[in-house]
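Biologist: Hey, can you walk me through this model? I'd like to start with the surface and then go inside.

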Amino acid sequence: MRMPRPAAGDFAPADGQPGPDAGRLARLRLWARRTPAVARQHWLFTLLLALGLVLRVLTQITYRPALLYTDSTKYLLGAYPGSDPPGYQVAIKPLVALFNLSPIAAIQHLLGLGMAVALYLVLLRRGVPRWLSALATAPVLLDAYQLQIEQNVMPDVMFEALIVAGLVALLWRTAPSRWLIAAAGLALGASATARQIGEIFILPALAYLLIVTPGWRARLGTAALLCLAFVLPILGASYWNYADPQVHSFSLAPYASGSIYGRMAEAANCATLRLPSYEKRLCPDARQKLLLGPDGLDHNPKSPIKGTWIPALSKADRLALLRVCSRSVPMKVGTEVRYHNVPIVCGQLTSDFDRRVLKQQPLNVLASFGKDTLKLFALNRTTDTGDPSVARWQFQTFYPQYPPYIVISHGTFIFGTFNIDGVAEQIGTGGGTPAVIKPLASFLRAYQLDGGYTPGPLFALAAIAGLAGSLASLRRRATPAQRAAALACALFFVTGVAALLSSDIFEFNWRYQLPALITLPPAAALAVALLLRRGSLAAAGGEVIPDSLEADHRRHDDQAGGQQDHQRQPGAGTFQDQAPGDRADDDGGQDAQAAGRPVRLAAGHQPGDEGREGAGQVGG
């Protein structure tokens with residue numbers, strides 16, 4: 001059935017809807033009138049979103065101006081330049097200039113809510129029922145560890161938001177347009193400027209595009225566009241480091257390579273490991289491994305990497321180490337100051353140690369890595385011996401301090417660090433007046449410790465469901481609808497696994513498990529939708545799900561949608577199925593209401609259910 005058109009050729013507005021020339025005020029009034037109806041229709045997500053908003057408001061007013069951690073000095077004051085990518089530091093630089101950290105936390109809380117909305121919408125468009133889409137957003141909305149990291153001046157929320165933005169752009173349409181591909185590449189590439197492990201995301205995104213894009217020429221074009229967009233933010237951040245006189249290296253994080261030492265040292269069997277004599281002291285004993293773990297072996301002053309053992313080396317070993325790693329230090333001889341080289345522990349030394357452990361004892365490294373990977377699925381959030389304390393990411397009833405990095409003195413922040421000689425020194429002050437409302441802090445802490453987090457077994461079920469849903473794309477007899485839903489599931493699942501495993505390679509940290517909240521539940525929701533045989537227009541052929549959340553969103557490439565629906569044969573629906581007027585470069589969405597036709601659903605039916613024969617059922 002053709003859509004009603006006026007003589008000019010544009011869509012005729014439905015009754016009660018403003019025309020294309022209506023002002024913004026009229027459209028805002030229309031949205032305001034629709035909001036109660038939309039909230040009732042999506043009542044479960046509305047409830048979860050409201051709870052998430054309340055928890056974030058409580059967190060914002062409880063810990064003022066924001067929470068800080070030892071690494072926060074990197075982003076606020078540029079401490080340890082080159083040890084982390086500069087993306088987050090650049091992003092918050094305008095806010096830091098305000099000399100108050102509250103806006104940073106507020107924006108990160110808004111990003112947390114925005115991630116939930118984006119995930120909900122893309123799951124609806126992919127044919128997941130409303131109740132299941134809402135449940136998939138519950139972890140990111142309600143998990144107290146997510147709330148705590150949003151209140152921290154740390155790059156994790158930026159990292160998560162860019163992952164969600166990239167995945168949503170790729171999945172917004174079954175065959176993404178050029179603009180969506182470019183947006184996805186920019187977002188995923190920018191995630192690497194927040195945390196360097198984001199570089200791995202080009203692989204699942206590229207694989208997804210190569211699968212869903214028909215024709216080799218088109219595949220090469222979309223792949224080139226994605227890669228170009230992906231590399232632009234990385235090049236920009238690398239140039240930022242190159243222009244910094246303290247770094248002057250065209251790299252994301254030129255001084256971060258030593259952090260793999262902790263994992264390799266913890267896995268090494270020092271009794272059988274073959275090393276140069278001057279390098280043997282880098283291999284920790286059993287007690288050091290047990291007490292320090294990978295994180296402590298990287299950062300603790302008692303770690304061999306700190307080089308306290310160098311003075312005890314023999315003269316021959318000192319000379320050998322001097323040829324590999326040295327530093328010029330001043331010495332006063334009489335009235336003169338002369339410089340001479342002394343041996344130190346440097347990146348070249350630790351990198352050689354890492355390579356020898358990986359080459360000679362790969363099974364040990366794999367076992368150590370695998371043991372930490374399974375900790376995500378534990379029922380309770382606990383700290384194993386040698387792991388970074390989970391208390392770092394838990395709400396406290398006081399304002400946490402980390403001397404000498406973060407200290408509160410006379411009602412203000414004192415920022416410090418250790419210089420190259422291991423002596424604490426002050427590097428800055430300010431940032432607002434720290435304060436904690438203890439009754440609210442007690443509530444948030446009780447909420448977090450008494451179950452306000454995503455339990456490990458739920459992550460395990462989501463991972464199993466995501467894996468099963470991803471493998472469904474390999475079925476030879478899978479319909480196009482089933483394969484489209486399975487590929488969307490695979491993109492979420494593989495991206496999440498890549499983020500988690502890339503972090504666990506270095507060390508286990510509960511903070512690094514947060515990307516599971518935005519990837520594994522959506523993957524599981526898509527897998528369950530497959531199991532429930534819930535097809536959708538989006539899964540069947542790139543169409544948009546009729547949903548009142550997008551009732552006023554116009555889409556030019558659906559102008560022939562009514563005619564296509566009438567002409568499509570039962571069972572049709574492939575990646576190439578588009579109306580004659582479909583434009584590949586449009587990425588918006590329009591439902592039946594915006595086109596001038598109200599959506600009428602049978603009792604118990606909702607957007608995302610099978611609307612008619614041949615719309616594309618999802619299931620086995």
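Predicted model: local features only at pLDDT ≥ 70, side-chain atom pairs only at ≥ 80, totals over all residues.

Biologist: Fine. Which residues make the nonpolar surface patch?

Modeller: Leu 186, Leu 228, Leu 232, Leu 235, Tyr 239, Tyr 242 and Phe 250 make it, and the patch covers about 700 Å².

Biologist: And which helix gives the most to that patch?

Modeller: Helix H11, residues 216-243, with five residues. Tyr 239 is a patch residue that lies in H11.

Biologist: Switching topic: how do H18 and H19 cross?

Modeller: H18 spans residues 456-471 and H19 spans residues 480-504; their axes come within 8 Å and cross at roughly 135 degrees.

Biologist: Left-handed or right-handed crossing?

Modeller: H18 passes H19 in a left-handed crossing.

Biologist: Which residues meet there?

Modeller: On the H18 side, Ala 463, Gly 466, Leu 467, Gly 469 and Ser 470. Their partners in H19 are Ala 486, Cys 489, Ala 490 and Phe 493.

Biologist: OK, charges now. How many salt bridges does the structure hold?

Modeller: There are 14 salt bridges in the structure. One of them pairs the side chains of Lys 371 and Glu 266, at 3.7 Å from N to O. That pair links distant parts of the chain, as the two residues are 105 apart.

Biologist: Where do the two partners sit?

Modeller: Lys 371 is in helix H16, residues 362-373, and Glu 266 is in helix H12, residues 261-267.

Biologist: Last topic, the backbone. Which residues does a cis peptide bond join?

Modeller: Arg 64 and Pro 65, with omega about -5 degrees. Pro 65 falls in the loop between strand S1 (63-64) and helix H3 (72-77). The bond from Pro 403 to Pro 404 is also cis, omega near -5 degrees, and Pro 404 is in the loop between H16 and strand S4 (406-409).

Biologist: And what's up with phi of Tyr 80?

Modeller: Phi is near 50 degrees there, which is a positive value in a residue other than glycine. You'll find Tyr 80 in the loop between H3 and helix H4 (87-96).

Terms used
Residues numbered from 1 in each chain as written. Heavy atoms only, no water. Patch = residues over 30% accessible without salt bridge, like charges linked within 9 Å, V, L, I, M, F, W, Y side chains within 5 Å. Areas by Shrake-Rupley, 256 points an atom, 1.4 Å probe, with all protein chains shown as cover. Salt bridge = Lys/Arg side-chain N within 4 Å of Asp/Glu carboxyl O. Helix = DSSP H or I, 4+ residues; strand = E, 2+ residues; numbered from the N terminus. Axes fitted to C-alpha atoms, helices over the stretch in contact; angles between N-to-C directions. Left-handed = near helix turned anticlockwise from the far one by under 90°. Contact = heavy atoms within 4.5 Å.
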